[in-house]
Amino acid sequence: MPLEQDVTCAKRTINKEIEALRCMEADLNQSLSDALDIMQKATGRIIITGMGKSGHIGSKIAATLASTGTPSFFIHPAEASHGDLGMLTEDDVVLAISNGGESKELSDILIYCKRYGIPLISMTKNPDSTLGKAGDVLLKLPNYEEACPLGMAPTSSTTATLVLGDILAVCLMERKGFSKTDYKKRHPGGKLGAMLLKVSDLMHKNDDIPVVNEDASMQDAVLTMSSKMLGCVGITSRQGELIGIITDGDLRRCMSANIMSQKATSVMTHNPKIIDADTLAVEALKIMNNTGNGITQLFVLDDLKKPIGVIHIHDCLRAGVA
């Protein structure tokens with residue numbers, strides 16, 4: 001098939017799905033806030049259910065909610081009829097999805113919700129359907145043609161369902177003040193977990209911090225630098241505040257026959273780059289890479305400007321922060 005024809009088909013598909021989303025955008029109303037109120041007040045979990053393609057999208061919605069601070073899981077409606085209804089409690093909220101609203105497999109869950117007073121949010125394009133009428137709140141999907149050339153395969157409808165699920169998750173995040181720290185707790189592994197590491201997670205601290213006071217000689221500074229093996233030594237004032245740093249590079253630039261007899265303060269770099277313990281490690285890496293010719297370590301200071309740690313560029317790279 002010629003490329004031109006493929007691209008035309010692709011663009012037509014994209015445009016139809018965008019148009020479906022625009023229709024959904026125009027229909028947003030108080031029901032969205034009502035559904036969010038129910039979900040936010042739930043003391044249990046948000047139970048997502050749906051059949052076929054709606055079920056596949058429902059599984060993704062449940063995963064997104066769970067990872068963004070709203071406990072949630074997916075129940076297959078057929079499995080629900082064979083014992084999994086026991087997973088539902090009166091503290092939960094059910095979000096049932098069916099584009100046309102007449103999936104017969106949902107009937108047992110709908111009846112169960114009514115019997116035990118479990119709040120039910122319906123997501124369908126048909127308010128007059130069985131699902132549309134059963135819900136305490138209706139989240140209306142756009143009644144728009146599918147992008148499929150036959151007008152049958154779920155395409156525009158599943159995209160709209162996915163986006164409406166994302167809307168619920170994002171709105172709940174904003175309502176709850178869900179932070180990057182909260183997100184990190186739920187994503188400790190892989191590349192994403194590494195990108196959410198803080199400086200405090202990687203920094204060297206306590207006895208591993210290479211520091212000497214402002215009265216120290218270069219001999220003391222070099223011995224400290226060598227023993228801590230971080231390629232630097234911090235110089236502190238008599239009050240314990242960081243006032244300078246000496247790095248391996250400084251030693252090479254200042255090397256002379258009498259360097260060891262000099263005071264550390266005569267060689268140090270004043271006002272070195274520093275960072276807070278709560279800063280993301282990826283930001284620390286960015287600072288180190290973007291500072292002039294690049295630096296390989298940053299001192300971490302507390303509110304009193306006293307060193308509480310050192311983070312090295314190798315610490316970031318070993319942790320997968322890049």
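**Basis.** I worked on a predicted model, in which local features need pLDDT of at least 70 and side-chain atom pairs count only at pLDDT 80 or more, while totals for chains, interfaces and linings use all residues. Residues are numbered from 1 along each chain as its sequence is written, and side-chain values use heavy atoms, with hydrogens and water left out.

**Helix α3.** I looked up α3, residues 53-67, and found that its 15 residues reach 22 Å from first C-alpha to last, close to the 21 Å expected at 1.5 Å a residue (helices being DSSP runs of H or I, at least four residues, and strands runs of E, at least two, numbered from the N terminus; the expected span is 1.5 Å times one less than the number of residues). Just after α3, I noted a positive phi of about 100° at G69.

**Packing on α7.** I read an angle of about 15° between α3 and α7, with their axes 9 Å apart (axes are lines fitted to C-alpha atoms over the stretch in contact, and angles run from 0 to 180 degrees between N-to-C directions). Contacts (heavy atoms within 4.5 Å) join K53, I57, K60, I61, T64 and L65 in α3 to residues of α7, including T158, L162 and L172.

**Cysteines.** I counted zero disulfides, a disulfide being a pair of cysteine sulfur atoms within 2.5 Å.
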